[in-house]
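Please look over the sequence and the structure below before reading on.

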Amino acid sequence: MNKIVNQGQLEAPTVDALVDLLNRSGVPTTDVTEIKGRARTVAIESKLWGKAAAVASRHHVRWSAVWGEHRPPEIYVTAALAGVNGHLLLRTTVPDVGGELPSQTPYYPAANRPERYLHDMFGVRRFTDQPDVFLDERRWMRHQAWKADQHPLLKSFPVAGKPLDETPPDCEYVFVPAEGEGVYEIPVGPVHAGIIEPGHFRFNAMGEDILSLEQHLGYVHKGIEKLAEGRDVHGLARLAARVSGDSTVAHSWAACQACENAADVTVPKRGLAIRAILAERERIANHLGDIGACCNDVGFPFALVQFGRLRELWQRQNATVFGHRFMMDVVTPGGVTRDISPEHVTLLRDGIAQLRRELDELLPLLFEYPSLQDRLRTTGILSLETARRIGAVGYVARASGECWDLRRDAPYAPYDKVTVKVPHSVEGDVAGRVHVRGEEIYVSLDLLDSFLLQLPTGAIKTDFHPVKAACSGIGLVEGWRGEIVSYVALDAHGKVSRYFPRDPSWLTWPALEALIGGVIVPDFPLCNKSVNGSYSGHDL
Amino acid sequence: MFDVLRKSLKTGCLTEKLPVRDEAVSKAGTACQKEIARVFGKSMAVRMVDAGSCNGCELEMHAVNNGFYDIERFGIHFVASPRHADMLLVTGPVSRHMQAALKRTYDATPSPKLVIAMGDCAACGGEFGVSYASCGAVSNVIPVDAVVPGCPPTPLQLLEGILTALRRR
């Protein structure tokens, strides 16, 4: 089992080795020190943008993100690549009118949607010199709220836009058709049947079997990146806390980390420990809820009731100790807003012990229950090869044997002082994903115990001092869904000039498309829940 | 099978008189039931529409259905289609990309119908307001009977909000 795992992320080069590889392979790099944080940044020529991806993809380097930043008359484009010990940021510039870049998608399928998004928002066109590669020319985030020649993240585009009184529905998006005798289409959404977020799924099916699924997202695009511009860091933190409500702690931590790196603010140790406690509690709450919901999707409501019970008790404890059931707005620039009293340490530790006892009883019951496992096993398989090819992250990747976890690979404080175990499975099916999430709860419980036992003394926050000059920073946090990348640029007055949060869902939504072929239509909700991409975190 | 039954029996009945502000909420639930009887008959079917939410409100909608709150005991049931619904529970600032879908969902809901805007975003635009991408409050797009403030509203606040909407009928 270990052998399979070792061939993946652990064979990736270190960040420094990757830079050497690029330099030796005809992609000369120049170090850039502007973006502060735990990542190395190098500038490359824009015409070598595709070639750099080609070199990286040959060496197990994972593609993580791409984003733009308008500094007239140029667009600064940055891509994040993950090596075995952290991230390398590639940077280049293109003109803000008629700018174009060689696509990285031929080497990294994960870059496809983000590059289309880059075009929608900045007008940076992509092309490829690979003769046998087809590049998807369709828009991605843009529906009908702004026109094709308008790009909302250009500085000349007003935040109010020029919307019509009524934005028409997006009926003209062309889906890839499937033809053949007995093949039919099922359109679903944007308003779904359950209590979930909106998006459109287009299935091609034959009989009960799904032939293919195509996602059309962007329905909850509410302009988060544009709204961030001009806010101070505290306003940004409030916005970041609402990128994806289920990941409020992780996103606000990533955004604050980016601000703190940019402005050289050192968070007190106690503040960092409390952030980690919040983040692990968020991970556990979501895993509990989803394990119950997955089982319920195959008609096993016992698990929904039991895990719903555990989640509710957990959230009530959040409210008691941190004043909010989701711990929203507790992470703030410079630290946290709520301290943990000695009495609350005891309360939390009792809660941990109680949850561990419950799980010891409940999880084996699920994992061994034949009629439940019969439905979960071999359903929605994401092979290791596919997970690696599409660059999946989080439990979706780990359940297929690809074990990226920032808390272990490129640990940020306070994870640099603890050992983080990374559970994995090699099955890649729904059962594997449920199993991995169960195991991850135990890891988080152990981490919580150790953070609470060794809670540093001292302040929980420091003042976020005013910045003296324009600066930028990167935040990298392992949320419960996987790796979050957050980029923040501040101007000379300390106001946000650019905020880009890359939710892990960008890298797991394609996994759902990849694993659904051959699954029966009634098992789609189950597979969807087992991946659980965020619509809001993706749509921004 | 035996393990499942044993665990279920041991867990017992979770549904409780709501723990925080206990009396107020039991009262709210019972009052809801009375109002539902007056406005709709025996029960009320709710269709939720996420029109741009961050998903926080949706998580609390799941919570009101868990064993502790068990909103169905007050005759309130979440349904899959607006055509089966008496009430729309709308969350989020209305993104421009969801504007048409929200209006169509509203039109598909038979009268008499109630609309509740759940959460600060739905009530007033919240952190997002009106922009190139967002229409802001739900009332900017469809008529709203009541708003439930909170980010997100707790299960108890949601129940009280439903009661407020019913009382206005």
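A contact means heavy atoms within 4.5 Å of each other. The model is predicted, so local features need pLDDT of at least 70 and side-chain atom pairs count only at pLDDT 80 or more, while totals for chains, interfaces and linings use all residues. Residues are numbered from 1 along each chain as its sequence is written, chains are lettered from A and ligands numbered from 1 in the order in which they are written, and side-chain values use heavy atoms, with hydrogens and water left out.

Start in chain B. Helices (H or I, at least four residues) and strands (E, at least two) are DSSP runs, numbered from the N terminus. B:A85 sits in the loop that runs between strand 2 (76-78) and strand 3 (87-91) of chain B. Is B:A85 buried or exposed? Buried stands for under 20% relative accessible area, exposed for over 50%, and partly exposed for what is in between (1.4 Å probe, protein chains only). With a relative accessible area of 1%, B:A85 is buried. Leaving out residues up to four places away in sequence, B:A85 touches B:A45, B:V46, B:R47, B:V79, B:T109 and B:P110. B:K113 is 28 residues from B:A85 along the chain, and their C-alpha atoms are separated by 7.8 Å.

Helix 3 of chain B covers residues 56-64, and eight of its nine residues are buried. Among them are B:G56, B:C57, B:L59 and B:M61.

Now turn to chain A, which has 18 helices and 16 strands. Its C-alpha trace spans about 70 × 60 × 55 Å along the principal axes. The radius of gyration is taken over C-alpha atoms, and the globule rule is 2.2 Å times the number of residues to the power 0.38. For 540 residues, a compact globule would have a radius of gyration near 24 Å, and the 23 Å of chain A agrees with that. Of the 540 residues in chain A, 63% are buried. Contacts in chain A between residues at least 6 apart in sequence join residues at least 24 apart in 71% of cases.

Chain A is also divided into domains, with bounds from an automatic or database domain assignment. The assignment gives domain 1 (2-127), domain 2 (173-222) and domain 3 (224-533). The contact between domain 1 and domain 3 of chain A takes 37 residues from domain 1 and 40 residues from domain 3. The C-alpha centres of these two domains lie 25 Å apart.
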